[in-house]
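Please go through this model with the notes below beside it. They start with ring pairs, then turn to a sheet and to the whole chain.

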Amino acid sequence: MAGGGGGGGLSPLGPTPPMWYHRDLSRAAAEELLARAGRDGSFLVRDSESVSGAYALCVLFQKHVHTYRILPDDEGFLAVQTSQGVQPKRFKTLPELVSLYLQPSQGLVTTLLYTVDREETAVTDDRDYSDGEDEKPPLPPRSASTSTPPGPETPTESAPAANGLSTISHEYLKGSYALDLDAVKQGASSLPHLNKTLVASCKRLNGEVDKVLSGLEILSKVFDQQSAFMVSKMIQQSVNQGGDQELENLVTKLAILKDLLSSIEKKALKALQDMSLSSPCSLPLFSTRHSKAIPVQAFEVKLDVYLAELTKIGKSQKYTLSVDVEGGRLVVMKKVKDNQEDWTTFTHDKIRQLIKSQRVQNKLGIVFEKEKDKSQRKDFIFASAKKREAFCQLLQLMKNKHSNQDEPDMISLFIGTWNMGSVPSPKSVASWVLCRGLGKTLDEMTVTIPHDLYVFGTQENSVCDREWVESLRATLKEQTELDYKPIAVQTLWNIKLAVLVKPEHENRISHVGMSSVKTGIANTLGNKGAVGVSFMFNGTSFGFVNCHLTSGNEKIARRNQNYLDILRLLSLGDKQLNSFDISLRFTHLFWLGDLNYRLDMDIQEILNYINRKEFEPLLKVDQLNLEREKNKVFLRFAEEEISFPPTYRYERGSRDTYVWQKQKATGMRTNVPSWCDRILWKSYPETHTVCNSYGCTDDIVTSDHSPVFATFEVGVTSQFVSKKGLPKSSEQAYIEFESIEAIVKTASRTKFFIEFYSTCLEEFKKSYENDSQNSDNINFLRVGWSNKQLTTLKPLLSEIEYLQDQHLLLTVKSVDGYESYGECVLALKSMIGSTAQQFHTYLSHRGEETGNIRGSMRVRVPAERMGTRERLYEWISVDNDETGGPKGKSTMVSRVGHEYVKQSVVRKPLGELGKVSEEGERSIKEETAARPKQDTSDSDSSISKNSYNNPAYYILEGVPNQSAAALSPELLPSPTSTNPPAAKVLPPSSGARTKPTSAPSGPPHSPRPAAGQESLSEEDGGAGMVGAHGGTGSTLNRPPPDFPPPPLPKGALEMVAEAPFNKPRSLYPDLTEVRIPTAGPGGPVVIGEGFRRGGVGAGGLDDQSCSVLQMAKTLSDTEFPGQPPRAPSAPPPHRGQPMGLGLEACRTFPPRNPIPESIAEDMPEEALWGSSSSSLSVGESSVGEWLQRLGLERYEQGLLHNGWDDLEFLSDITEEDLEEAGVLDSTHKKILLESLRQQQK
């Protein structure tokens, strides 16, 4: 007996299953339904999430949900899982089992009394009536090699193949066998039903054989012309095969394949031997062509001079920068008098660093190596931000081309999506491939540089797979002169996904996987759905999903469900990670397609805004943005800013007119212009992902959709080979946990354990059961694991260079049902060090945020394994060089997390972050010198990383839009951002009270900010938004650490605003010490009216958020008892970990506009900095002695030259001052500032 599987189709309980059976309902949704029922004895049955073919019986008793597993045995009988030694009661069917437990005293916590019925949805709800698509979906195309034609006999891809085949065989023996027997009795000489069964059983084999033959076709043409004709003939026949011939053709193909495999090596050897004898020096005729050489590109720039240099009369400030990618040189040419030129040539290895200005979008600093250990920085102003980006891209390409590394650190991706409208594409789609058109496009200097990977997603594509792929390859060859290799093509009806790779990378691709999910009518038709492709590029996993979701302006909920079904059912990636949905299985996941989300606005208003090219108001009513804001879909995904007009629905043949009305049989239908075609992505924390372009073409007019394109820079890792071999016991690295604490959104009171997965582990590991557990609120459970419950993990390799690229996946599972209650991912990079580091992130399950987890861990690396190197993408950093935010649109900010909203220009006051007292993810310690300003140390509470205000802040993620309508403007955080900035303040000292800056009010939910508001400078916000290469002063595009939440509702902050904490508190309180107040009105905190609606009673939940809001409110007011910090000291400088950021810079850039004091005033200094002890205490009498003690004596000359010759005055030095003095290494700057701060104490 198999479980429902969630894909639709026939239920295992027959065509009309009992109403208490909810098929593949999620655990969280089941708890929600039972909570609404509210009566003890309410129950339902759903499919088990942990065991295929099993069920879960969920019963409500005393406001807690109890879950019992119903497991099938070897004979197919069902039984409720019992304690050891108790004889289970076995039943043939699920209704029989349930009927027994409707009787009293059968061993459950209570008798089953009240059924909780499932909500039936009409099939007609799935039909797409409202747009230009056909009411009756077209039949699927017959595809030779890339997909299985759908049919009732085809097993679902998410089910094991063996189960599907055995089912087909059983069906024959039970039914069709008798028909064949009757036919034989009447004299028949064939068995048509058996033949049909065999064809269905071999369907998947047929497709695999086609793929193998297609792959060997070119080899047979070169080395074995005799068999080549037969191979080509069989491939051609497979396209048109069917009926009785299908099985016969398969047998013939297998015979040809056997002969080809057994003979081709001998024939290839003979051909190569003959070639070597006849022409020893000639290249083989099938050699790969190289791409055309990149010409020298020149950029006209101006030197950015300081005020003091303006007095130097007669010096021209105009320069020309010429980039010779092929030669590996940069020529800096200055124009002088009489048309003479003064030029200097720098080879690629003499260019030390590129530093992008975050405020001035067309400004770039270049650090040149002049002599040994001496460098010079020059700042140049480019003609535009796009020119600056093109220059950086060319220099990166030059660095990569002349690198002595065997494997790349970074690759470039093109991703395109296009609904082709069921008509063939035009002869040329060059503008799509070259990213020419509207929106954020590439500069013409770099537009023809070939990308490493091309990913094409199409919908309503009626072209056959082979013809479509060959047309794409021809287009790419025409533009790049390279023969791109198709590594995967996956098709579901007319939804196609093709991935092509540069020839030089073909051998770096492995573990290719493909899958598809149908979400059409009743989840059985493939006219809507998704196709996916996954693979490894060296040591980095990639996933790509192309989908076509339900159409229609009003079908938002259906589209949301389509997304969740695809997320759960698409079978891609490492099979060991089945506990995780696909959003956590890949280092980089890209999701593209015709998502079909529309604009909620009157058609005439939409047209007026489009005519004026004002897209901001439209993006605020974009359904996808609104649903993401409510965390209904694409949790923590990113999307680049949209700056191009809606891509649907155009009049075919032009791009001048939107056709928004269509006469249908059901009446006139309206299709408002909308951004249906989108590209989003999600990457692991502390990885590099930068979106360089996002736009649409304006000259491809065959469809009513315009093609959309995006390009990315993505960091990759190599298959690491240890130079020292496997570690000895004395050289073994360890991953150790001090404690883990979690708050899980559940009404269950079971025990939990944690499973740990990682590619750096030989196998997954499990913790013991949690040893602490408490809650006074039925909707939430706090669980904790101490050190003795947590296992120590041993990585396969111990080199820091290997470990800093690794990630750890955690899933919190219940002991009773072995089902996941939440999953998360942690980067090991920030955890490396001699002392434990804090982590804090969210838990999610099936696309929904379900909890919050934090703890303390460390990755111990032996000293002899500490060597590392700079990555190519760390070579470019972002500099917060001015006090203001950026002016003009930022081309640098890559959108991470679920941040389709740009960061508000409003400065986030410490008042907000101080009040909330939680460290959030700012506890994550920064790892390399290449990320100077992205984050602060884990002990700095005054520069907070996000707006978490309590351990259960995550529960506000699902709050509907209206919940934040009454937000107090002065308390409102800026919209969700990568790193919500905080104002710098002085550390508290005796007699000094901190007055943080205040923030002007901003819109509560601004789906898109105005131009130029994407990032703040360091002076305005500590850790500002990440730039094009990752973070402030960084080249790493790190997702929010891990991902900040949305704005707080007013109720969650008002109590904190009215009554600031009046006693010192620990920065990292144990969750076990935080008492969750009772949810009812009688609790210790008076709940406002907005939180009392429905209480936590049975039937009053409003959009699943009332109890959530109440919980958040009470937890916001919870007082956290103090405890000693867990990280007593900073790690040694040689670890490459930045120290705490000195706050003295605030004296140079003081906070403006004071607001009421924050909690930071009442915190002891130890709480702010982690510990009063430090290895950097200063007692020297001179600058030289001080630097010598720190091992940074190289900076003495620069500091003295700039006038910093007295330790007393050094207390006022800022990061900008240090840079001017030659301190460009971010880690060194933080060490110096931290040391000065300690000296002040």
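**Notes on the model**

1. The structure holds 32 aromatic pairs. Here, rings of Phe, Tyr and Trp (its six-membered ring) pair if their centres lie within 6.5 Å; planes under 30 degrees apart count as stacked, over 60 as edge-to-face and the rest as tilted. One of the pairs joins phenylalanine 382 and phenylalanine 391. Their centres are 5.2 Å apart, the planes make 50°, and the pair is tilted. Both phenylalanine 382 and phenylalanine 391 are buried. Buried means under 20% relative accessible area, exposed over 50%, and partly exposed in between (1.4 Å probe, protein chains only).

2. A word on the source. This is a predicted model, in which local features need pLDDT of at least 70 and side-chain atom pairs count only at pLDDT 80 or more, while totals for chains, interfaces and linings use all residues. Residues are numbered from 1 along each chain as its sequence is written, and side-chain values use heavy atoms, with hydrogens and water left out.

3. Tyrosine 563 and phenylalanine 634 also form a tilted aromatic pair, at 4.3 Å centre to centre and 35° between the planes. This pair links distant parts of the chain, 71 residues apart. Tyrosine 563 lies in helix α11 (residues 556-569). Phenylalanine 634 lies in the loop between α14 (623-629) and β22 (661-664). Helices (H or I, at least four residues) and strands (E, at least two) are DSSP runs, numbered from the N terminus. Tyrosine 563 counts as buried because its relative accessibility is 1%. Phenylalanine 634 is buried too, at 1%.

4. Look next at the open sheet of seven strands. Its order is β14-β25-β26-β13-β15-β17-β16, and the pairing is mixed. Two strands pair if DSSP finds at least two bridges between them. β14 (438-440) and β16 (485-492) are the edge strands, each pairing on one side only. From one strand to the next, the twist averages 10°. Helix α10 (residues 465-480) packs on the sheet and touches β15 (453-459), β16 and β17 (495-501). Contact means heavy atoms within 4.5 Å. The direction of α10 makes about 40° with that of β17. Axes are lines fitted to C-alpha atoms, for helices over the stretch in contact, and angles run from 0 to 180 degrees between N-to-C directions.

5. How many residues of β15 are buried? Seven of the seven are, so β15 is largely enclosed by the rest of the structure. Leu453, Val455, Gly457 and Gln459 cover one side, with Tyr454, Phe456 and Thr458 on the other. β13 (residues 410-419) runs parallel to β15, joined by seven bridges. Phenylalanine 414 of that pairing stands opposite tyrosine 454. β17 runs antiparallel to β15, with six bridges. There, valine 455 has valine 499 as its bridge partner. Phe414, Tyr454 and Phe456 are among the members of one aromatic cluster, which also includes Trp418.

6. Elsewhere in the sheet, seven bridges join β25 (residues 689-696) to β26 (residues 708-715), and these strands run antiparallel. Valine 690 stands opposite glutamate 713 in β26.

7. Finally, the whole chain. The protein has 26 helices and 36 strands. Buried residues make up 59% of its 1241 residues. A search of the whole structure finds zero disulfides, a disulfide being a pair of cysteine sulfur atoms within 2.5 Å. Cysteine 392 is buried at 1% relative accessible area, and cysteine 676 at 0%.
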